[in-house]
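Please keep the viewer open as you read.

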There are 2 protein chains.
Amino acid sequence: MYNTSYNIIVHHPAQMYNIYRGFFWRTLMKICGIVAEYNPFHNGHAYHCAKTRGQIGDETAIVAVMSGNFVQRGDFAIVDKYRRAAMAVCAGVDLVIELPLPAALSSAEGFARGAVASLAAMGCVTHLSFGSECGDLARIRRAAACDRSAIREHLASGQSYAAALQSAVETVDPDAGALLSSPNNTLGIEYCAAIDALGCDIQPITVQRDGAAHDSEQLHVRPSASALRHLILDGKVDACREGMPSEAFTWLTQAIDSGAAPAHVGVCDAAMLSYLRRLSPDDLLRFTGGKDGLQNRLFDAIRDHTSIPDICAAAQTRRYPLARIRRALLRAYLDLPFDTSVEPRYLRVLAIGPRGREVLRQMGKTAQVPVVIKPVNEKRLPDTADLRRDALVDDLYALAQPSRAFWTGGSHFRQSPYVTNKENRSV
Amino acid sequence: MYNTSYNIIVHHPAQMYNIYRGFFWRTLMKICGIVAEYNPFHNGHAYHCAKTRGQIGDETAIVAVMSGNFVQRGDFAIVDKYRRAAMAVCAGVDLVIELPLPAALSSAEGFARGAVASLAAMGCVTHLSFGSECGDLARIRRAAACDRSAIREHLASGQSYAAALQSAVETVDPDAGALLSSPNNTLGIEYCAAIDALGCDIQPITVQRDGAAHDSEQLHVRPSASALRHLILDGKVDACREGMPSEAFTWLTQAIDSGAAPAHVGVCDAAMLSYLRRLSPDDLLRFTGGKDGLQNRLFDAIRDHTSIPDICAAAQTRRYPLARIRRALLRAYLDLPFDTSVEPRYLRVLAIGPRGREVLRQMGKTAQVPVVIKPVNEKRLPDTADLRRDALVDDLYALAQPSRAFWTGGSHFRQSPYVTNKENRSV
């Protein structure tokens, strides 16, 4: 499945010893993956880590596979990936790995597949923990076992992805369709389906969500990331304090005070328009993911309107949901065709927490793609289109930071992961 | 020289009558071309029109060939091309035609060649009037007759264009080299050389400059355009009143008050950087005009610096003069390769003054390329790369206007020329 020419096990002289040691180690230590955006990290995320350890053991190492500088809703992350990763390891996560960009800018299916493939590529992850509204793993797994080809058929008939998945799931479990009205259940189904499809030896577990609903505006001790983003963009950063672990809040305020955050699409409207206006409908078709005419609507909207939100509003219909349009525009701006593989070519380490070194040591033996910890290692990677794209995309993100002092390019080759050994479990 | 398939004379049934009428008309009316940027139009420009009429007759129609939205110093024009053209026809010019973009973003030689080719393509221009510091036409024409191939040799040996021209001119007229320390003399030499090279029947005349020096900061009743731009960018628009014809000043203040001006590179830094960072050194080479390593300096500067002025300052050396760097960056942003032809594929009319209609009527019979007056006519042009580029470039200019209300695209296909019949000779 992966290009294993970098697989350290295969090429290591003491291969059998390592396989033995790996097996031994697996019985001693559990490594649990979490897929997240941490945009920004809040109390609900810390609660998820704590509950995960509660279910599978307090010594479990938690590895987050986190969206980089661009997030699944088709937007710039509010704080850059290094700082968001640092927030996480200061509040209970042991290692943060970057989710490949094509996965971060995909629908739930591609997002989950890229994330599970990243965990699988580490070669040592034993569990995957995800939040869900229902908390019923067996039911989610049953729904995940539905016929994927049925989804394709429903999609082809013009249904949205969510509706297509619902129709397909209902044929397996008539009551399970209701699961899909909740976004975390949907993602959970996709994680389980990806584990099955990729045939990986990773055990899914679920933590029932107990905070504000995803995207909820309501404030709470465990608020939604969306509510926090609104507060931040409204300049009410202090109001976020209650909803975030204290060290994560400190990272956030320092980023804002220095002018590194908040980044958002509004700052980059002119930059995005100046690129998008160069693209013909045929160019746009490479990014929209479907020959259903969306490219023509986008082409007109890009000329007629003067901001990304206005373009989205003009192009949106029942047939073309907002998230798809936002992702298509961002994919076009980042020159990321829709058919780009979501699976990792290398694993970029963004932050290392208390037990992260141990996990990295293990990955040194089991990883199926190169692991990039220090930027100097990146130089050893072959100069691929993927690598150039990831470096460019970070340079484009830099231009969305409020202070020009952060606009310098080249961070992809310069920035080292944040490292801490301090245990700081917020919940 | 031109594609004459649009030449109305050739296809007209009453061909002989028209040739006769054209000949007759030429004896009656003089049409004098002026090459300008009018960035913005000031008293010196009005003085030039008045002196030109003083030399060749008060009834002379004056046609300005004017840079569009981007100007020769490698910058965005401070006010858009339609408003700058309107300023000109309110203050003594009879017709404003747009200089082809590749000429506007060329060194003096390409700029002059594109401008003279545009006047020649009108088919009815009798004179070309230019300002010069020396006011000595005979001497300028002697200098223009120098060996152009000698210039190429000096350029190849690493001299700047100005130095190469000076060396070549000095071999013809030992004293003439001194002419070239004055920028308007240099342009005058290039106009005369272009008239000779293109073999056109246009009579050059010169008006001695009597205002502040080009690029001078000193304020004056006839200030430099550069001094006015500095005042405008500093927010001291009222201080420009004395230096501009009153109607031109009204156009300027209305543009600023509505948020359509001032446009400048600073507003578009993020947009330019977000595009320039996508280009490899090989990509940049297409825009720098010389395999002398400038592309590598630019590539590094584009990553290391966070504004266009900083990038220019970092890349500039004695070998790579500032204007060349600014034009290379703007050419790259506008996707305008260095080897693009400077000659017009069509003539775009930007504004029509008192006698402009008469000139247009004449052009209807003599023009050697299509003349575009109303945008609807543009639709009749073949959908060429040139046309798409000119439309895109105006959409990119729109994004540099201060108010988002002016960011809408498509002006190239929507905007009609400003028309006035009011005689308003300011000087």
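Helix 20 of chain B provides the largest share of the lining of the second largest cavity, 3 residues. Helices here are DSSP runs of H or I with at least four residues, strands are runs of E with at least two, and both are numbered from the N terminus. A cavity is a set of points on a 1 Å grid over the protein atoms alone where a 1.4 Å probe fits but cannot get out, and its lining residues have an atom within 4 Å of a point. The model is predicted, so local features need pLDDT of at least 70 and side-chain atom pairs count only at pLDDT 80 or more, while totals for chains, interfaces and linings use all residues. Residues are numbered from 1 along each chain as its sequence is written, chains are lettered from A and ligands numbered from 1 in the order written, and side-chain values use heavy atoms, without hydrogens and water.

This second largest cavity holds about 70 Å³ of space, a volume being the space filled by probe spheres set on the points, which are joined across faces, edges and corners. Among its lining residues are Leu99(B), Leu101(B), Asp390(B) and Val393(B).

Now turn to the largest cavity, with about 270 Å³ of space. Of the 23 residues that line it, Leu99(A), Pro100(A), Leu101(A), Arg389(A) and Asp390(A) are the closest to its centre. Helix 20 of chain A gives the most to this lining, 5 residues.

How are the two chains arranged? Chain A superposes on chain B by a rotation of 180 degrees with 0.0 Å of shift along the axis, at an RMSD of 0.0 Å, using least squares on the C-alpha atoms of residues with pLDDT of at least 70 in both. The two copies are thus related as by a two-fold rotation axis. In chain A, the C-alpha of Ala271(A) comes closest to that axis, at 1.8 Å.

Finally, look at the backbone. Most residues other than glycine have a negative phi, and most peptide bonds are trans. The bond from Asn39(A) to Pro40(A), however, is cis, with omega near 0 degrees, and Pro40(A) sits in the loop between strand 1 (31–36) and helix 3 (43–56) of chain A. In chain B, Tyr38(B) has a positive phi of about 45 degrees. Tyr38(B) is buried, with a relative accessible area of 2% (buried means under 20%, exposed over 50%, partly exposed in between, with a 1.4 Å probe and protein chains only). Asp335(B), with phi near 55 degrees, is partly exposed at 35%.

Key
1 Å grid on protein atoms, 1.4 Å probe; cavity = no way out; pocket = protein on both sides within 12 Å on 5 of 7 lines; lining within 4 Å.
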